[in-house]
Amino acid sequence: MNSPASQPPRFDDEDLAHARAWLDAASDGGVLAEIDTVYQLIADQIEARRPRCEASGRCCNFMGHGHLLYVTGLEAAATVQRAAAAGIAISEADIAAARDRGDCPYLVEKLCGVHTVKPLGCRVYFCDPTAQDWQQDLSERTLELMRSLHTRRAIPYRYAEWRWLLSLVVAAGA
């Protein structure tokens with residue numbers, strides 16, 4: 001028997017319309033280039049600061065690590081599409097199983113299965129205590145750049161929990 005957590009969320013027509021807009025935008029090379037520019041800014045900051053990452057997958061175990069991952073809808077759509085292009089498809093069953101476990105549906109044996117296409121929140125977050133001083137500022141600055149992308153390109157903006165947005169994008173793409 002499925003637990004309530006494994007039941008897919010319900011979406012209204014506006015949710016689905018937004019997700020379709022995100023999927024369309026995530027197919028636009030110009031939009032992807034702008035996303036990649038933000039991701040490169042993060043990569044440059046990470047390279048300069050060199051926070052410790054134990055690659056333990058603990059941060060991807062949301063329930064066990066005591067946090068949730070929030071992303072933009074556009075990032076969720078871009079991740080789903082880019083992962084699928086790399087042969088890593090995701091289904092509502094995968095997302096439901098991750099909800100039940102309390103982790104990320106792309107977590108594979110303690111490692112990120114979509115490391116090269118992961119969203120902003122994953123790129124900025126490090127469990128390294130020395131990162132606490134600067135990662136919040138970096139997160140806010142780069143999230144503002146994502147908001148600006150949405151505004152300039154007239155893409156609906158939503159910032160929500162990762163697995164909920166993944167479910168929405170998968171439902172809209174079906």
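**Questions on a predicted chain**

Biologist: In what order do the elements of the chain run from the N terminus on?

Modeller: Helices (H or I, at least four residues) and strands (E, at least two) are DSSP runs, numbered from the N terminus. The chain holds 8 helices and 4 strands. Read from the N terminus on, the order is α-α-α-β-α-α-β-β-α-α-β-α.

Biologist: What pLDDT does the chain average?

Modeller: This is a predicted model: local features need pLDDT of at least 70, side-chain atom pairs count only at pLDDT 80 or more, and totals for chains, interfaces and linings use all residues. Residues are numbered from 1 along each chain as its sequence is written, and side-chain values use heavy atoms, with hydrogens and water left out. pLDDT is the predictor's confidence in each residue, from 0 to 100. Here 86% of the residues score at least 70, and the chain average is 86.

Biologist: What share of the contacts with a separation of 6 or more comes from residues 24 or more positions apart?

Modeller: Contact means heavy atoms within 4.5 Å. Among contacts with a separation of 6 or more, the share from residues 24 or more positions apart is 83%.

Biologist: At what angle do helix H2 and helix H7 pack?

Modeller: H2 covers residues 29-49 and H7 covers residues 132-153. Axes are lines fitted to C-alpha atoms, for helices over the stretch in contact, and angles run from 0 to 180 degrees between N-to-C directions. The two axes lie 11 Å apart, at an angle of about 170°. That makes H2, relative to H7, roughly antiparallel (over 145 degrees; under 35 is roughly parallel, 65 to 115 roughly perpendicular, the rest oblique).

Biologist: How do the residues of the contact of H2 with H7 divide?

Modeller: H2 brings residues including Val 31, Ile 35, Val 38 and Ile 42, which meet an H7 set that includes Trp 134, Leu 138, Leu 145 and Leu 149. Ala, Val, Leu, Ile, Met, Phe, Trp, Tyr, Cys and Pro count as nonpolar, Asp, Glu, Lys and Arg as charged, and the others, Gly among them, as polar. The contact of H2 with H7 comes to 12 nonpolar, 3 polar and 5 charged.

Biologist: Which residues does Leu 41 touch, not counting residues up to four places away in sequence?

Modeller: Leu 41 sits in helix H2. Leu 41 and Thr 142 are 101 residues apart in sequence, yet 8.1 Å apart in space, C-alpha to C-alpha. Beyond four places in sequence, Leu 41 touches Leu 138, Thr 142 and Leu 145.

Biologist: Is Val 71 buried or exposed?

Modeller: Val 71 lies in strand E1 (residues 70-72). Among the residues Val 71 touches are Ala 76, Pro 119, Tyr 159 and Trp 162. Buried means under 20% relative accessible area, exposed over 50%, partly exposed in between (1.4 Å probe, protein chains only). Val 71 has 0% relative accessibility, so it counts as buried.

Biologist: What is the phi of Ala 154?

Modeller: Ala 154 is in the loop between H7 and strand E4 (159-161). Its relative accessible area is 67%, so Ala 154 is exposed. Ala 154 is not a glycine, but its phi is positive, about 55°.

Biologist: What distance separates the C-alpha atoms of Asn 61 and Asp 103?

Modeller: Asn 61 is in the loop between H2 and H3. With a relative accessible area of 30%, Asn 61 is partly exposed. Asn 61 touches Arg 101, Gly 102 and Asp 103, not counting residues up to four places away in sequence. Asn 61 and Asp 103 are 42 residues apart along the chain, and their C-alpha atoms are separated by 4.1 Å.

Biologist: What is the relative accessible area of Arg 99?

Modeller: Arg 99 belongs to helix H5 (residues 92-101). Its C-alpha is 9.4 Å from that of Phe 62, 37 residues apart along the chain. Arg 99 is buried, with a relative accessible area of 17%.
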